[in-house]
Amino acid sequence: MDGFVAWALLDRESGQTAGSANSAKSTNSTESMIKVWIVADLLRRTAEANKTPSDERLEQASRAIRYSSNDSAEALYNWHVNCLAITNNCGCS
């Protein structure tokens, strides 16, 4: 699988940036990065509710990250938001 990893951190107080050796010449799209955050939040909240995500949700999480699947990420996001709105926790499956 082709790809790369790059990261950068902005110190909002000083305005200085630090990052990986390739951070100045490599970029990531926000659309791909947010998928990891959606999945991480879903897994964290599910664990805090002492639940395990369903196989369907885990498969969507895998597709969202491994293949940058917009459809899977959107399905997880919509399910997660609706679950929180209804139950105020992530105990939904």
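**Overview**

A: The protein chain has three helices and two strands as its secondary structure; helices (H or I, at least four residues) and strands (E, at least two) are DSSP runs, numbered from the N terminus. This is a predicted model, in which local features need pLDDT of at least 70 and side-chain atom pairs count only at pLDDT 80 or more, while totals for chains, interfaces and linings use all residues. Residues are numbered from 1 along each chain as its sequence is written, and side-chain values use heavy atoms, with hydrogens and water left out.

Q: In what order do the elements of the protein chain run from the N terminus on?
A: The order is β-β-α-α-α.

Q: What is the average pLDDT of the chain?
A: The average is 82, and 78% of the residues score at least 70. pLDDT is the predictor's confidence in each residue, from 0 to 100.

Q: Now the inside. What share of the residues is buried?
A: Of the 93 residues in the protein chain, 24% are buried. Buried means under 20% relative accessible area, exposed means over 50%, and partly exposed is in between (1.4 Å probe, protein chains only).

Q: Which residues make up the largest nonpolar core?
A: Nine residues do: Ile 38, Val 39, Leu 42, Ala 61, Ala 64, Ala 73, Leu 76, Trp 79 and Cys 83. H1, H2 and H3 are the elements that give two or more residues to this core, and H3 gives the most, with four. Such a core is a set of buried Ala, Val, Leu, Ile, Met, Phe, Trp, Tyr and Cys residues joined through side-chain atoms within 4.5 Å.

Q: Take Ala 61. What is it in contact with, leaving aside its neighbours within four places in sequence?
A: Ala 61 is in contact with Val 39 and Leu 76, where contact means heavy atoms within 4.5 Å. Ala 61 lies in helix H2 and is buried, with a relative accessible area of 7%.

Q: How far is its C-alpha atom from that of Ile 38?
A: The two C-alpha atoms are separated by 8.7 Å, and Ala 61 and Ile 38 are 23 residues apart along the chain.

Q: Last one, the loops. What is the phi of Asn 50?
A: Phi of Asn 50 is near 55°, a positive value in a residue other than glycine. Asn 50 is found in the loop between H1 and helix H2 (55-66).

Q: Is Asn 50 buried or exposed?
A: Asn 50 is exposed, with a relative accessible area of 72%.

Q: What about Ser 68 and its phi?
A: Ser 68 has a positive phi of about 50° although it is not a glycine. Ser 68 is in the loop between H2 and helix H3 (70-87), and counts as partly exposed at 30% relative accessibility.
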